[in-house]
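Take a look at the structure below. Keep it in view as you read.

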Amino acid sequence: MLVGFNVGNYLSIKEMQRFSMVAGDHEELPGHICNVEGLGLLRGSFIYGSNASGKSNFIRAFKYSREMILDERRPKQEKSIPQSYRGKDDNYSTSPCYFEYNIYTSGEFYSYGIEIDPMTERIVGEWLYQMIDGAEDMIYSIDRNEGGTSKIAFPSMDHILKEYIESDDSRSFLTYVSSFKERDNEEIRQVHRWFKQSLVILSSENKEISILNRKEFLDRLVFYLKHLDTGIVGYERNRVDEIKKRSEYNRNRPSGSKDPYVFINDETSSDGSKKKVRIPDEYSEFDQDTIDKIVKTVNEGRRCILYSNEDMFEFYKDETGVICDEISFLHGKRSFPVKFKDESQGTRRLIQMLSMFEMTSPLDGPSSEDELADRTLIMDELECSIHTLATLDLIRIFYNRPESERSQLIATTHESRLLNQELIRKDEVWFVDVPEDGGERASSLYSLESFDDPDESFIDIAYLEGKYGGIPFLRTLDDQEDDY
């Protein structure tokens, strides 16, 4: 679980901003808290702010740092972080970007952080500490600046650290060590696994993969979609083999190009050849390692739901081998089928979010139900394209999930009706504002808890009246006309 996240000098975030999931001293909605080792951690946090305040940059900080930690920033973009946010402060423009996570995983508390040169996107600092009885116990600390020092707590790994420094490897040390199983360290492995498996960021721009242990997932999904009045009454599957024939593809395929519709299953056909399963071209850019993991997952008896803005597919295994079905949803009394790409943007968003709530783990996830408890979901614009009433009910659906799963949801939102003490706790509310500071616009993050008397019965009204900041300052039309 996420305990806290600190970020500084990234996009519109200038000074260090500290975000915490530690519960405050409140009695309302006790089911919104998970108790771990005597510490109460919130299951949800909701971040408010005006347009252009930096809310999305806070979500980008999670996404960017995770990509850098796991070496997943592909394709490589310009090797610098955009400077347009940074104003004219030279120190601000050239100082390292700072990201630090405090997490609880596998029964232990850890503090992990990286510093990144904004001009080269090179990791110049990295550290990992285990928190024991409130004290920091160093696992390793690396300073890759000129004249910097590096040290590790395990003498057996001294040569590994030396190899890493001398090679000037661009990956984080966390990923570098975890890429060699024979060099693995239990503490490092646990933290790397948390970033890989448990920190999940929902982005409608990316193709998403959900790994599901529950065969009845689609039935549960339709149950929720009915409840949310989307018009969906059921679903149907169509085998990809029947949707697009190989002859159709081969007629249009450029000479010598790779066939993206086929990957090899582990099983063998009766004639001795390897069985082949077609994969839709929406996912043809997946590397072979990812495809191998999909096959491994379904061979273990689990199911994969893959979706983008265009299509939704399910991979699973039956007596004939690995199957890929396209999913369409049935609407109305006549149960006419609608493909995922033809659903409204709001319905597609609901399907993606409900899939995230239901999924057991990302692609590299464990197969044991006992290991599925730790998942932190991060998303921007919670209510995007979703009706207010559906958004509020979506939050209820999330909190109705078993507390034992230890799922967390962190989302930015403009939905003021969520500011209801029957729906969320006061310590789950955060604001982002951009106070003017010498002509610069730097984002400031703060909690509702920072106010002395956030005890109004109608926090939503107080927020819209500007008591907590994080709202736009709207000039009157008369004022604007004077400028012309």
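## The whole protein

This is a predicted model, in which local features need pLDDT of at least 70, side-chain atom pairs count only at pLDDT 80 or more, and totals for chains, interfaces and linings use all residues. Residues are numbered from 1 along each chain as its sequence is written, and side-chain values use heavy atoms, with hydrogens and water left out.

The protein has 13 helices and 25 strands. Both are DSSP runs numbered from the N terminus: helices are H or I with at least four residues, strands are E with at least two. Of the 484 residues, 52% count as buried. Buried means under 20% relative accessible area, exposed means over 50%, and partly exposed lies in between (1.4 Å probe, protein chains only).

A contact means heavy atoms within 4.5 Å. Among contacts with a separation of 6 or more, 63% join residues 24 or more positions apart.

Two strands pair if DSSP finds at least two bridges between them. Strands of a sheet pair through backbone hydrogen bonds, either parallel or antiparallel. β5 and β21 (residues 407–412) pair in the parallel sense, over four bridges.

Ser 45 is found in strand β5 (residues 44–49). Is Ser 45 buried or exposed? Ser 45 is buried, with a relative accessible area of 0%. It stands opposite Ile 410 in β21. Beyond its neighbours within four places in sequence, Ser 45 contacts Phe 19, Met 21, Leu 409, Ile 410, Ala 411, Glu 428 and Trp 430.

## Helix α5 and its partner

Helix α1 (residues 55–70) packs with α5 at an angle of about 130°, their axes 11 Å apart. That makes α1 oblique to α5. Angles under 35 degrees count as roughly parallel, over 145 as roughly antiparallel, 65 to 115 as roughly perpendicular, and the rest as oblique. Arg 66, Ile 69 and Leu 70 of α1 meet His 192, Phe 195 and Lys 196 of α5.

Ser 198 also sits in α5. Ser 198 is buried, with a relative accessible area of 8%. Leaving aside neighbours within four places in sequence, Ser 198 contacts Arg 193, Asp 374, Arg 375 and Thr 376. Ser 198 and Thr 105 are 93 residues apart in sequence, yet 9.3 Å apart in space, C-alpha to C-alpha.

## The two faces of α3

Which residues of helix α3 (residues 158–167) are buried? They are Ile 160, Leu 161 and Tyr 164. These lie on the same side of α3, because they cover an arc of only 100° around the axis. The arc is that of the directions from the helix axis to the C-beta atoms. An α-helix has 3.6 residues a turn, so residues three or four places apart point the same way.

The cover over the buried residues of α3 includes β8 (122–132), β9 (135–143), β10 (150–152) and α4 (173–178). The face turned away from the buried side of α3 carries exposed Lys 162 and Glu 166. Asp 168 follows α3, and its phi is positive, near 55°.

How values were computed: Axes are lines fitted to C-alpha atoms, for helices over the stretch in contact, and angles run from 0 to 180 degrees between N-to-C directions.
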